[in-house]
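Hi everyone, thanks for coming. I'd like to walk you through a structure today, so please have a look at the screen while I talk.

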Amino acid sequence: MAEPEHYFSATPSGPVKYRTITAQLAGRSVTVTTANGIFSPERVDVGTSVLLAHTPAPPPGGNLLDLGCGWGPVALTLALESPRATIWAVDVNERALDLVRMNAEALGLTNVNAVLPQDVPADALFTTIWSNPPIRVGKNELHDMMLRWLPRLEPGSDAWLVVQRNLGSDSLHRWLQAELPKDFAVLRAATNKGYRVLRARHRSGSATTEAIDLVP
């Protein structure tokens, strides 16, 4: 199937074909709509499942970012768990963004903004970033994405990234540690089902004194 290779296209080709699936999000079973031309329309993919299982509860407020949102499993989880927060579901795929909006409305979630990258306010900072990043866009574009968004974490906040080991999780870990600003620390938080969960923390105090705990 060639379709997953093109989930990062802005406007997927071909007529849209909707489907309904059941997913476990934020500890509850929900019915959501997906479609062709997006990432993992059949189910919550393994990487995202690992991310959701190995990331602590999101902050209760502030701006929360799902980077590369697809049909929305991460953004919807954030919205369900932090109803007072503002969720930014960001993707270049306009069909995926339409699905996030549909699913948020169906679940009665009014705190989700599904937008293109350029439509996020330039002055917005984030209290957390969760992402199953689109590795297949290529290394240069992936690196640009990381450097564009991770420095917008508020001090004392974390980004949580899930990356498949055989698609370069360890090399991305090393690159992030080398290229992010010096007040960031990058740790391996978990390994499961062939995936790494990486934690990038924007330290709020001295780079040498702030303690960083892994997920219990």
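**Salt bridges and cores**

Let's start with D158, R199 and R201, which are linked in a network of salt bridges. A salt bridge here is a side-chain nitrogen of Lys or Arg within 4 Å of a carboxyl oxygen of Asp or Glu. Before going further, a word on where this comes from: it is a predicted model, where local features need pLDDT of at least 70, side-chain atom pairs count only at pLDDT 80 or more, and totals for chains, interfaces and linings use all residues. Residues are numbered from 1 along each chain as its sequence is written, and side-chain values use heavy atoms, with hydrogens and water left out.

How confident is the predictor? pLDDT is its confidence in each residue, from 0 to 100. The chain averages a pLDDT of 92, and 90% of the residues score at least 70. Two stretches need some care. Over residues 1–6, pLDDT stays under 50, and the model has 7 contacts there beyond four places in sequence; a contact means heavy atoms within 4.5 Å. Over residues 206–211, pLDDT also stays under 50, with 5 contacts beyond four places in sequence.

Now the overall layout. The chain has 5 helices and 9 strands. Helices (H or I, at least four residues) and strands (E, at least two) are DSSP runs, numbered from the N terminus. If you follow along from the N terminus, the order is β-β-α-β-α-β-α-β-β-α-β-α-β-β. Of the contacts with a separation of 6 or more, 68% join residues 24 or more positions apart.

How much of the chain is buried? Of its 216 residues, 52% count as buried. Buried means under 20% relative accessible area, exposed means over 50%, and partly exposed is in between, with a 1.4 Å probe and protein chains only.

Back to the salt bridges: a search of the whole structure finds 5 of them. In one, the side chains of R199 and D158 meet at 2.9 Å, N to O. This pair links distant parts of the chain, with R199 in strand β9 (residues 195–202) and D158 in strand β7 (residues 153–164), 41 residues apart. R199 counts as buried because its relative accessibility is 7%, and D158 is buried too, with a relative accessible area of 11%.

Next, look at D170, which forms a salt bridge with R188, their closest N and O atoms being 3.8 Å apart. D170 lies in helix α5 (residues 169–179) and R188 in strand β8 (residues 184–192), so the pair ties together parts that are 18 residues apart in sequence. D170 also has a salt bridge with R196, where the closest N and O atoms are 2.9 Å apart. Here R196 sits in strand β9 and D170 in helix α5, 26 residues apart. Is R196 buried or exposed? At 7% relative accessibility, R196 counts as buried, whereas R188, at 40%, counts as partly exposed.

Let's move to the nonpolar side chains. A nonpolar core is a set of buried Ala, Val, Leu, Ile, Met, Phe, Trp, Tyr and Cys residues joined through side-chain atoms within 4.5 Å. The largest one has 39 residues, of which W71, L76, I87, L109, V112 and V197 touch the most other members. Helix α2 (residues 73–81) gives the most to this core, with 6 residues. A second, separate core of 28 residues includes W88, V115, I129 and L198.

T48 itself lies in helix α1 (residues 46–53) and counts as buried, at 3% relative accessibility.

One last stop, for backbone angles. Most residues other than glycine have a negative phi. A26, though, has a positive phi near 55°, and it is found in the loop between β1 (18–25) and β2 (28–35). S40 is not a glycine either, and its phi is positive, at about 50°; S40 is found in the loop between β2 and α1.

Conventions. pLDDT = per-residue confidence, 0-100.
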